[in-house]
Amino acid sequence: MKFLDSSSSEVDLVNALGAHLFKKFPDAVEFERCVGRLDAKKETVTAEMGVIWYDVYKFMQATGTGLIPVGGGCPTVAPPGFMLGGGYSFVSRSYGMSIDNLLSLKIITPDGELRHIGLHSKAKEDIDLFWACRGGGGGNFGIVTEMEMNVRKPFSEKMLVGQIRFPLEKAEEVLDYYNDWVEKIPDTMAVYGFMGNQKDLVDKTTNVKVLGLTPVFNGECAEGIDLLQGQRRQHHEAAIALAHDRDGGGVDAGLRAEPETRPA
Ligand SMILES: Cc1cc2nc3c(=O)[nH]c(=O)nc-3n(C[C@H](O)[C@H](O)[C@H](O)COP(=O)(O)OP(=O)(O)OC[C@H]3O[C@@H](n4cnc5c(N)ncnc54)[C@H](O)[C@@H]3O)c2cc1C
């Protein structure tokens, strides 16, 4: 796509604002990041596109309402690609997919029209387009300029967020236990997994291959830790655990505390 800048020389417009292309483009139009509006009464936020989730989180934090969006776990991912593709959030077990919380959006369709579509839509074409935008993927139906979404009040003031790491060679044993355990835990506990290289917690100059479990508990910290005890006890000798609460402070139960890493 080509746009003219103020001096009438052509520049490329890049339809990508988030994780995969989060870098400077030579000759590209630069957008200023802006967030939007919070309606604390309705518990909704309207975000202008150009933001990444990190901006939305900082914006919501600054409101002091304690409300959170159902957004991405990786702060450099952006709402459009994430939400248009469905969006599985760290709090999705409590509040559904990100698109379950999408109320409306503004989109410029290929005919050049700016449409405001959403749950309020009456025209069949708009209803169909909104349906397609909720899971149909980024970049397929037009350029989204604004998204209105629910924001949610967590069940406790401090959520438990952490990570339990196991040496990769223990993966089969840990996942066997995990598969049984995860069926019994409440929806307020979400546990994500990954395999890969992580810094050794003792010798930070080396990397170790790990299976990581990332619990996010939408409730009281102590209750979340209780739920995790079985998982830790089962593999006591194998588990290297660390955890922190939402403010980056340590939590009890002998878990090691490390500050959160945030983008500059
Ligand atoms: C580190 C990392 C962690 C992730 N974790 C999760 C996770 O926990 N849950 C999950 O569901 N997904 C996750 N994802 C996947 C992520 O949701 C997708 O990669 C998503 O497409 C990223 O969207 P973006 O807008 O940041 O990326 P971009 O690369 O900017 O865009 C993705 C697509 O959307 C299009 N697009 C961008 N802006 C607009 C716009 N304004 N209007 C219309 N189309 C647009 C682009 O053209 C492209 O096709 C993760 C990705 C990464 C890199």
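Which residue in S8 does Val45 stand opposite?

Modeller: Val45 stands opposite Met149 in S8. Two notes come before the details. The model is predicted, with local features requiring pLDDT of at least 70, side-chain atom pairs counting only at pLDDT 80 or more, and totals for chains, interfaces and linings using all residues. Residue numbers start from 1 along each chain, as its sequence is written.

Val45 belongs to strand S4, residues 44-48. Its side chain and that of Ala47 point to one face and are buried, where buried means that 20 or more other C-beta atoms lie within 10 Å of the residue's own, with C-beta atoms placed from the backbone.

S4 has partners to consider next. S4 and S8 pair in the antiparallel sense over five bridges; strands count as paired if DSSP finds at least two bridges between them. S3, residues 36-39, also pairs with S4 in the antiparallel sense, over four bridges, and here Leu38 stands opposite Val45. S3 and S4 make a hairpin with four residues between the strands, and Glu43 has a positive phi near 55 degrees.

S8, residues 143-152, is joined to another strand as well: six bridges link S8 to S6, residues 102-108, and the two run antiparallel. Val144 in S8 is the bridge partner of Ile107. S6 in turn runs antiparallel to S7, residues 114-118, with five bridges between them.

In H1, residues 53-63, Trp53, Val56 and Met60 are buried. Seen down the axis of H1, these buried residues fall within an arc of 60 degrees, so they line one face of the helix; the arc is taken over the directions from the helix axis to the C-beta atoms. An α-helix has 3.6 residues a turn, so residues three or four places apart point the same way. The buried residues of H1 pack against S4 and S8, and also against S5 (68-69) and helix H2 (79-84). After H1 comes Gly64, with a positive phi near 70 degrees.

How values were computed:
A residue is buried if 20 or more other C-beta atoms lie within 10 Å of its own, exposed if 12 or fewer, and partly exposed in between; C-beta atoms are placed from the backbone. Two residues are in contact if their C-beta atoms, placed from the backbone, lie within 7 Å.
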